[in-house]
Every structure is written in structure tokens, then in C-alpha cells.
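Colleague: Could you take me through how the elements of this model pack and pair?

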Amino acid sequence: MSQTVPQIIERCQALFEDMNFTSVKEWKAAVPGRKAIGFMPVYVPREIIHAAGMLPVGIMGGGDQLEVIQGDAYYQSYICRIPRSTLELGLTGRLDCLDGMLFPSICDVIRNLSGMWQILFKDKYVKYFDLPQNYQDGAGGTFYIHEMQVLREDLGRIAGKPVTDDALRATIALYNENRRAVQDLYKYRAAKPWQAPTAEVYLVLRAGMVLPVEDFTQLIRDYLAATDAVARSRRDNARIVLTGAFCEQPPLSLIKSIEMAGCYIVDDDFMLVNRWLLEDLPISGDPIAALATAFLSGSTETGAKYQPRQELKGRYILDAVKANAAEGVIFAAPSFCDPALLERPMLEAVLDRVDVPHIGFKYAENSAQMQPVREQAGTFADSIKLWSSP
Ligand code: SF4
């Protein structure tokens, strides 16, 4: 029997709130010997984990439900919150179900966290997964292929059998399907944001951080079918792109506040691991080379990625505005997030040149006071409707 939107969202919400990762434990318990590997934002090639027969688990911090007690002792106060809450999850045993953790290169905070993890969790596999900053095949490509081969061999050793090319190709086919489903979800929301509120879309995407990829793809398809079957009322909201939230996630109440204040979020950069690669990957030939090529020449533009060509810097934000018929941009970034906040002035300059309205604020994953956000977003939406709309 097909599920309703409330049923689907209730399940996603339960997965989102479960700081004990029960679904991961259940997945492992279903077949003895199964293993799960955690990864932090922003991007890792989950295909290699899946092809090793393991469950990739996105660790997106502790949100606003976790009280951070021990984690604070490891960090100074003037950095973002996600490393402290992730440490708290680890130190309180909530991540014991993970057999390893990957820390992809995004900033020094994550790099340092990978070092702490190695010291604190000596019995677990820990890898700082370095991603190329040079996007040329000859330099970045060679480096990245090597990095992926090391991961592949490491996971093969933990699994007790090598990760074969055939397994990787089969996994790539599954992730191609998943990417298409995620793209369909984003296209649907951009076309009918009143039918797919971002608070719901977000929960569906978060569920994908703990579910096997096959289940995640089905979940998206079910949600799209369920929400399209029931007409919801359309509001005269401002269409906005939200950017800067690619690592530490905003609290769900912040997303809801922006929507309640009169904004339809028609594009965002939450959990970019889902949309980092833009196209289908070939399912024949060398699968590691295919992952490398897709990363170097077919991956998304974001503040989390180095763009060496000055004339292209920030163009992606304008492309997102145009592609989604957005009327404005909200810069929402975690406090002290260097990659997002250092990028912001350049992006603002790009928008200013073509008169795209924008506002910006900072958050922490446990921000509680939503009134200022509601006021800012509401005033922003009103100003767009009064002065910017044709
Ligand atoms: S939120 Fe920003 S500064 Fe903090 S770990 Fe993530 S990318 Fe680094």
C-alpha cells in the first residue's frame, strides 16, 4: 500500500532524531558481519564503501537535540559546533556501531578532528580523506585515484575480501539512480515548492544519510508520488536560494522559520554529497577512473570547492538563481565556518552586479532563538514582493 506524506515524514523525522543510529544497528544486525563506515560533510565517494558491502553513514553533527558536554573540552570556543557535537556522539558511545570514520578535506577543523579520532578511537578505522584541489587530470586526477585506491584497499581488508571492479560498477549504477531521484526531487520542489516544503525535503534527504542507497532512492520516489497526489495551497512567497549550509547543518526550526516567514527555498546546498557529482557515471570501464573524472569535470560548484579562475568565481550562485527562477539569495552559514564565510563577500559581489537581492546570517546547529531569523527572512520576502518582483 502506498504511503502518505505524513507517514513518510514521520519515519524520516524519527531517523533524524535518533542520535543512537538504531537503523544502522538494525541494518548491521540483519546479516552477521556487516559493517558501517561513517563520513562527515561534504563529499566522499560513497560508492567505494557500498561496493565493499558496507553501509555509508553520513554524520551531520548532533543538531539541536544533543547536549555537548565532553566535546566542548576539546575545542576552543571560536570554532563551529559540528566537531564538538560529533566528538560528543563518539565519546558517549553513540557511534560505536560504526566500524570506521572518514573525514574528507574541507577545512582545518575537520582535519584536526580526524587526528583526535585516531587518538581517541584506536580500535576503529579512521581516514582523513584528502580530495584534490587541483582539477587537472594529470595532477589532481592522479592524486585522487591514488587516494581512492588506498580507501578501496583499506575497506577490502576490513571486509575480508577485495572490492572488485564489478562490485564498484554495480554500485555506481545504484548511485546513478539515486542521483537522478535526488535531482528529480530538487526539480519538483523548484517547480512546485508549495507541494514539497523544504522542511520535508530536508528530512527525506537526511534519512538518506543513514539508509542504504536502494532504500533512499525508493523513499524519494515514494515521497514524490505521495506529495504530488494531494494538492496543497500555494502562497505568494518569495523564491529564494539558500547557500552556505554545506557542512554543519542548520536546525530544522531554522528551515521552518524561513519558510513560515514567506520564503520558498527553491535551491540549497544541504548534504551536498547527494548532488556533488552532476551526471550519470559510466557503468563500464575503470570505475575508479570514472569516479575521478566525474569529480574533476562533472562536480558541482560550491563555496566548499576551489575555483582557480577568477572570472568563474561565484557564477554558480547566479546560475542557481536563474535555473530556479529565484528572486533572492539567503546566505546562511554556520558561525566561524571559514569556507562558507570567506566565500560570502565574493558571492555577494556577483549578485550585486546584477541586482539580485540577498541577506545573510549565521547559525549554529543548536541555535534556538528563531525570532531574529523570522524577522529577517520575513522582511526580506516582503521587500522582494514589494520592490523586486515585476
Ligand atoms: S562548519 Fe565550516 S568550519 Fe566547521 S567543520 Fe564544517 S566546513 Fe569546517
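**Helix packing and the sheet**

Modeller: Helix H10 (residues 252–260) packs against helix H14 (residues 371–388) at an angle of about 35 degrees, with their axes 8 Å apart; axes are lines fitted to C-alpha atoms, for helices over the stretch in contact, and angles run from 0 to 180 degrees between N-to-C directions. Helices (H or I, at least four residues) and strands (E, at least two) are DSSP runs, numbered from the N terminus. This is a predicted model, in which local features need pLDDT of at least 70 and side-chain atom pairs count only at pLDDT 80 or more, while totals for chains, interfaces and linings use all residues. Residues are numbered from 1 along each chain as its sequence is written, and side-chain values use heavy atoms, with hydrogens and water left out.

Colleague: Which residues of H14 make the contact with H10?

Modeller: Contact means heavy atoms within 4.5 Å. From H10 come Leu 254, Ser 257, Ile 258 and Met 260, and from H14 come Val 373, Arg 374 and Ala 377.

Colleague: What is the strand order of the open sheet?

Modeller: Two strands pair if DSSP finds at least two bridges between them. Strand S5 (residues 238–243) is joined to S6 by four bridges, running parallel, and S5 is also joined to strand S7 (residues 328–334) by four bridges, again parallel. The open sheet of four strands, with parallel pairing, has the order S6-S5-S7-S8.

Colleague: How many residues of strand S6 are buried?

Modeller: Buried means under 20% relative accessible area (1.4 Å probe, protein chains only). Strand S6 (residues 263–267) is mostly covered, and its buried residues number five of five.

Technical notes. Buried < 20%, exposed > 50% of the residue type's maximum accessible area, 1.4 Å probe, protein only.
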